Amino acid sequence: MRKETATVLHFYPERIAWIGALLLSAGTLLALPFLLTMQSIDSPLLREKREKIANLTPYTFALNLSQSRPSFSIPDLQGKMTFSFDPPRPDGALDRNRLLVRLKQSGESQRVTLPCRIDLEYQRDQLRFAKTKSEFWVELASLPNGQIEASGWISSIDGGKVSAGQFQVSGQDCPIQEAQEFTEGSALRQLAEAKWWGRDLFKTAGESGERIETSDLLEMRENDWLVWKEGKWQKSDAPDKELPIAKIQSITPKMLILEGWDSNGHTRIGLGHASGPPFKMKGEDLLSAIRIRSEKQISCMIEKQCLVLKTGDWVLKTAGRWKILRKKEEREAFLNGKLFGELFILEQISQKQGQKMIQGRLFNPGRTQVVSIEMAAQGRKTARKLP
């Protein structure tokens, strides 16, 4: 029997480091001749390329940016502001240093005492008063000739200030102020929110004054005063020394101008006419089926409502229905503004060219407009006897 032999491989870990170092040394010795040959061949060429790169001029360019300081447009303060001195209160002395400054675009106003500084700012392209110290302001001072000198300034970067213009102006009349310019709930705010109904055409010219509706309906003449008492405006013959007061300054066809004083000073308020659209009611639109019952009595239809009227009757429309005011207290309530609505008065029954005619007047609810009515009757109505 034949015996077989097997090949055995032996592994020695402690010899790994020694074998690696031996292989690295052998590789370096083999590559050394090649590296020396390349250096001797390429050296002149590489030196020439390095010299060309060194002699190249660096590439430069310019943005043409200016080194000057930024510029800005100086606002036209004179064209954006108005100035008015407070006229004397009827019961007090005039303080010539009290000034009302108003911004035209925003409508804001501020009362100051000269000399003073007013800080300003722009919001949405509108000039407004700044609530805190601003980088933009105007300084105001009074001059010996009675004019006002205004100097505008803008803070500079170095902590100084740059002039924004200077001008001199004379004090103007106090501008007419809107209701929103006054403090909510104040006396002058309530007066600016009042309605002006004009003269009462129901009364004769000598009896009627300008009617102003605040919490009450007040009838004012040019010498009358309004005084703020007990939380509302009341009519008075004389101004009060300590309370807010007002009076009529002027009247135009479309506006009643009041001037008033409170603890802050003088103001002017404009009230537009509250008469509403033109009153274009025609007689035939109001009356129909007119029949003569006697020399002083008719029967008719007023807006589909059957009524029997006598000459001199007042017929008032309230809550959509017509009612004859025959009682004294009802007529007084209407005159005093406690009853309100359209009013028709049958004034007379006459005869023209053999035709019976009725004549009357129709007043609008505010009694600021009146329409004369003249219509023909349909003839005398005869009473039928019952069988």
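Two strands count as paired here if DSSP finds at least two bridges between them. The strands themselves (E, at least two residues) and the helices (H or I, at least four residues) are DSSP runs, numbered from the N terminus. This is a predicted model, in which local features need pLDDT of at least 70, side-chain atom pairs count only at pLDDT 80 or more, and totals for chains, interfaces and linings use all residues. Residues are numbered from 1 along each chain as its sequence is written, and side-chain values use heavy atoms, with hydrogens and water left out.

E1 and E2 run antiparallel and are joined by five bridges; threonine 82, for one, has arginine 102 in E2 as its bridge partner.

Further along, E18-E19-E20 is the order of another open sheet of three strands, and the pairing is antiparallel. Its edges are strand E18 (287-294) and strand E20 (305-310), each with a single partner strand, so one side of each is left without a neighbour in the sheet. Six bridges link the antiparallel strands E19 (residues 297-302) and E20, and cysteine 300 has leucine 307 in E20 as its bridge partner.

**The largest pocket**

A pocket is found on a 1 Å grid over the protein atoms alone: it is an open set of points with protein on both sides within 12 Å along at least five of seven lines, whereas a cavity is a set where a 1.4 Å probe fits but cannot get out; lining residues have an atom within 4 Å of a point. Grid points are joined across faces, edges and corners, and the volume is the space filled by probe spheres set on the points.

The largest pocket comes out at about 310 Å³. It has 17 lining residues, and the closest to its centre are Arg111, Glu181, Phe182, Asp262 and Asn264. Strand E2 (98-103), strand E3 (109-113) and strand E17 (265-272) each give the lining at least two residues. Sorted by class, the lining has three nonpolar, 10 polar and four charged residues. Nonpolar here covers Ala, Val, Leu, Ile, Met, Phe, Trp, Tyr, Cys and Pro, charged covers Asp, Glu, Lys and Arg, and the others, Gly among them, are polar.

**Aromatic pairs**

Across the whole structure there are nine aromatic pairs. Rings of Phe, Tyr and Trp (its six-membered ring) pair if their centres lie within 6.5 Å; planes under 30 degrees apart count as stacked, over 60 as edge-to-face and the rest as tilted.

Phenylalanine 202 and tryptophan 314 make an edge-to-face pair, 4.8 Å centre to centre with 85° between the planes. Phenylalanine 202 is in the loop between strand E10 (195-199) and strand E11 (210-213), and tryptophan 314 is in strand E21 (residues 314-318), so the pair ties together parts that are 112 residues apart in sequence. Phenylalanine 202 also pairs with phenylalanine 334: centres 5.5 Å apart and planes at 80°, so this pair is edge-to-face. Since phenylalanine 334 lies in helix H4 (residues 328-335), this pair ties together parts that are 132 residues apart in sequence. Phe202, Trp314, Phe334 and Phe363 form one aromatic cluster.

**Burial and backbone details**

Buried means under 20% relative accessible area, exposed means over 50%, and partly exposed is in between (1.4 Å probe, protein chains only).

| Residue | Relative accessible area | State |
|---|---|---|
| Phenylalanine 202 | 14% | buried |
| Tryptophan 314 | 12% | buried |
| Phenylalanine 334 | 1% | buried |
| Leucine 218 | 11% | buried |
| Alanine 319 | 86% | exposed |
| Arginine 367 | 6% | buried |

Alanine 319 has a positive phi, near 55°, in a residue other than glycine, and is in the loop between E21 and strand E22 (321-325). Arginine 367 has a phi near 55°, also positive and not in a glycine; this residue is in the loop between strand E24 (355-363) and strand E25 (370-376).

The peptide bond from leucine 114 to proline 115 is cis, with omega near -10°, and proline 115 is in the loop between E3 and strand E4 (116-123).
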